[in-house]
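Please keep the viewer open as you read.

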Amino acid sequence: MDKHREAFKDEAYELLSELETSLLELEDAPEDIEIVGRVFRAMHTIKGSGAMFGFDDIAAFTHEIETVFDLVRNGEISVTKELIDLTLSARDHIRTMLDASDGGEATNEVMAGEIMTSLKKLIPGSEEKKEETEGPAAPADLIDEDDSSPTGLPSPDTQGGNITYRIRFRPSRDIFKKGTNPVLLLDELRRTGKCKVVAQTDAIPLLKDFDPEACYTYWDVILTTRQGINAIKDIFIFVEDDSELSINIIDDGGRLDNAAGYKRLGEILIERGDLIHEDLQKVLGSQKPIGEMLVDAGVIDTGKVQSALIEQEHVSDVRESRRKAESLSSIRVSSGKLDSLVDLVGELVTVQSRLSRTAAYQNDPELLSIAEVVERLTCELRDNTMSIRMLPIGTTFSKFRRLVRTLSNELGKEVVMTTEGAETELDKTVIERLNDPLVHLIRNSIDHGIELPGVREASGKPGHGTVHLSAVHSGANVLIRIEDDGSGLDAKAIKAMALERGLVSHDLEMTEKEVFALIFVPGFSTVKNVTGVSGRGVGMDVVKRGIEALRGSIDINSKKGAGTTITLKLPLTLAIIDGLLVKVAEEFFVLPLSIVEGCVELSREDVARAHGRHVANVRGEPVPYICLKEHFMINSGTPGIEQIVITEVDGSRVGFVVDDVIGEHQTVIKSLGSFYKDVEGVSGATIMGDGRVALILDAPKLLQAVEQEEAGIYSKNAKLNP
Amino acid sequence: MSVAAMIETTQYLSFTLDDEVFALDISKVREVMDFTTVTKVPGTPEFMRGVINLRGSVVPVVDLRLKFGMSKAEKTVNTCIIIAEIPLDGDTTVIGALADSVQEVFELKTDQMEPPPRIGKRLDTDFIKGMGKCDEQFIIILDIDRVFSSGELTVVHESGRGMLL
């Protein structure tokens, strides 16, 4: 039972976030009946399964909101900002209730009451009138009870529970005299689901015998609906006694499906009793289509055949769409299982590289071909496993809509959030860990960046500010941009504040980018007043740490008065990368292949020609290089010819000098653990084919370290020779 | 055997560094493995020997001789790595300790353990839980958690950075 409750909660949390998204969309398009339907369905599912698993309080509370949205759906009340506000807080309340069932903080009953009262006020008229509106709404409720969308068409995701009925309705001749219009009954049927009606006219007499007040027509209806048979009988409840009504289930949502399509025409007719088996056999001799033959043979009239044909078509339609829905279906897997799958694939990759190495060593053609196949399969398996973990970033983006809305209300600013590239996929872990940094960046943009509407208009900008979130793939990285058209960063103010705090010295020349980078220093804030939103100088530190933990980098661009753009560069995945294995003395290192541009040789003569400067001539361009052996203080002889691995780091080219380039290496990234957490220049380790450990180099960090080192030397020199 | 007696007896694993015998609480030891290739992490002090591959996970290795100020020893057939689990920053971290040889597992009652001597030792008293005696030989019982405590590691990090820059 507990397992089911857990499953319900998982589902409910998902539905709640869907609900939030739908509500925010609804605010932008209040007339869109499709979105209202989505809101309604989400709440209805929470209510239904909540009650089933013993979350009665949630079910009861949700029911109340659902009532209001029923009225919205029927067009009795319109979507207002107030309604969205209330529903959003109601959504939050349901969430708290869910959390509370886990032993989380207790729910606030008073708040729940307030939400309820305010919601009821939205219902036209007073409390008593509400009773009235609910009265007539009851029959509508009956029809829509099972989630069918307002148009009556079952939505694809609810197709599973659909049942197809064959209904033959033959009203009594004097039905008109009793004041019943059979067409209205058929209309009511149409509202319950996907419906095809064929009028049977064979009983209509010749004009001379025709009584205009009698009903000669009868109808065959093929109906696909989620309603039970009793609900259908209820529609005919007032005419049932003197009408001929037969309802048969011809397709019950998959359980009766057989491999071959639907029944043949003849079988349908026999089953209906319109045709006897012998007649069918007689006619089956000729070559024409069976329907035509039957009509020609005079055993049956056109109307009947047409009706049967429609049944055939309708049922195959229903089955076809169900098959489509089934093939698109997905399964829910706990993320723990996915994580262990990734771990296993990681180990498989390690073993595979060992196999390839052994095969190459033994030089046995058969073993080599096996190793090659294993390598190919492992590669595919790796890519597939990684793609399972990929999620579109859009889910995170939509969460921020809510944040932007709340914040701008709180601060009295008008902010519009636009997004781009919501379908960009990123590793699940990256997305999860990206959330906090993004929250801080967006809060900053709205609180510090975007000005109050008055200020904006005074400086000739539109009254409402824009925060633009975008995500785009760039090689093995994803670039996420947060752009605002606010006041921008004030480089002077930042530097002044940094001087005041003693973070930089007076005589230090700094580029604009270096100044902007100061905002990531813990405790740094240019804001005089700490607000509830930001200003304590904690946020940007969180951002920097969060992004660095993801092996990403941050870039700030800002123009005073025009806005700020912050670009986050993140790796696609955290677990496995393509690397270039290099050797320095006896040690092996891995450089991420994504930053490698090429390799060139570095001979002793080249070094001598450069007069000790660490700059190499790469195809006519000077490229500075870092000698890893010197930098890591590894003592060993230098081979006659060294290799420079040319990489692109932060937009510029840097070479890394190594003894030998071994080749491409599938690198399963392992953490060095907390013991080595502060070691700079190394971002992790990997296990090579022979079981040894190779370190993964962090090129940007290495470059930074060397830059700082050299800056230190120069400043010392400057002091010595004034 | 009475319950009280069981509580009072603790098992220790003894090992040697140079000629001295040390011991650590066996409940901290996960396994003992033969010496294998250690990959040095650049920019770290010498006593942090580097990392090894322990069935697919990367485990740091500390040379206890160097940590305790003894001279570096050449690897012999007896050289081995004691894999221990220690708490570090609230997490359990697996760490390898390089020892010249591993001797035996022995039991020691609480009352057989003497407090560390106040003078005449080459080690920081903080690391020592007590002195035990086994077969007429003194054994220094280490508090392995303290040896790798975060205070010690901070020193490690600072010196590491110092070398890098």
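Helices (H or I, at least four residues) and strands (E, at least two) are DSSP runs, numbered from the N terminus. This is a predicted model, in which local features need pLDDT of at least 70 and side-chain atom pairs count only at pLDDT 80 or more, while totals for chains, interfaces and linings use all residues. Residues are numbered from 1 along each chain as its sequence is written, chains are lettered from A and ligands numbered from 1 in the order in which they are written, and side-chain values use heavy atoms, with hydrogens and water left out.

With that in hand, go to helix H20 of chain A, residues 539–549. Just after H20(A), Arg551(A) has a positive phi of about 60°. Buried here means under 20% relative accessible area, exposed means over 50%, and partly exposed lies in between (1.4 Å probe, protein chains only). The buried residues of H20(A) are Gly539(A), Met540(A), Asp541(A), Val543(A), Gly546(A) and Ile547(A). Their cover includes helix H16 (428–449), strand S10 (553–559) and strand S11 (563–571) of chain A.

Another helix to look at is H15(A), residues 394–411. Its 18 residues reach 26 Å from the first C-alpha to the last, close to the 26 Å expected at 1.5 Å a residue; that expected span is 1.5 Å times one less than the number of residues. Among the buried residues of H15(A) are Phe397(A), Phe400(A), Arg402(A) and Leu403(A). Gly412(A) follows H15(A), with a positive phi near 70°.

Now zoom out to the whole of chain A. It holds 23 helices and 21 strands, and 44% of its 722 residues count as buried. Taking contacts (heavy atoms within 4.5 Å) with a separation of 6 or more, 70% in chain A come from residues 24 or more positions apart.

Next comes the interface, where 29 residues of chain B are in contact with 25 residues of chain A. The two chains bury about 2,400 Å² between them, 66% of it on carbon and sulfur atoms; buried area is the accessible area (1.4 Å probe) that two parts lose on being put together, summed over both. Strand S4 (48–54), strand S5 (57–63), strand S7 (91–99) and helix H4 (150–164) of chain B each give two or more residues to the side of chain B that touches chain A. S4(B) gives the most, with 6 residues.

How many salt bridges are there between chain B and chain A? The count is 0, where a salt bridge is a side-chain nitrogen of Lys or Arg within 4 Å of a carboxyl oxygen of Asp or Glu. Over all chains, a search of the whole structure finds 29 salt bridges.

One of these joins Arg168(A) and Asp220(A) at 2.7 Å, N to O. The pair links distant parts of the chain, with Arg168(A) in strand S1 and Asp220(A) in strand S3 of chain A, 52 residues apart. Arg168(A) is buried at a relative accessible area of 15%, and Asp220(A) is buried at 3%.

Asp85(A) and Lys81(A) also form a salt bridge, with the closest N and O atoms 3.6 Å apart. Because they lie 4 residues apart in helix H4 of chain A, about one helical turn separates them. Asp85(A) is partly exposed at 30%, and Lys81(A) is partly exposed at 43%.

Finally, Glu20(A), Arg91(A), Asp92(A) and Arg402(A) are linked in a network of salt bridges.
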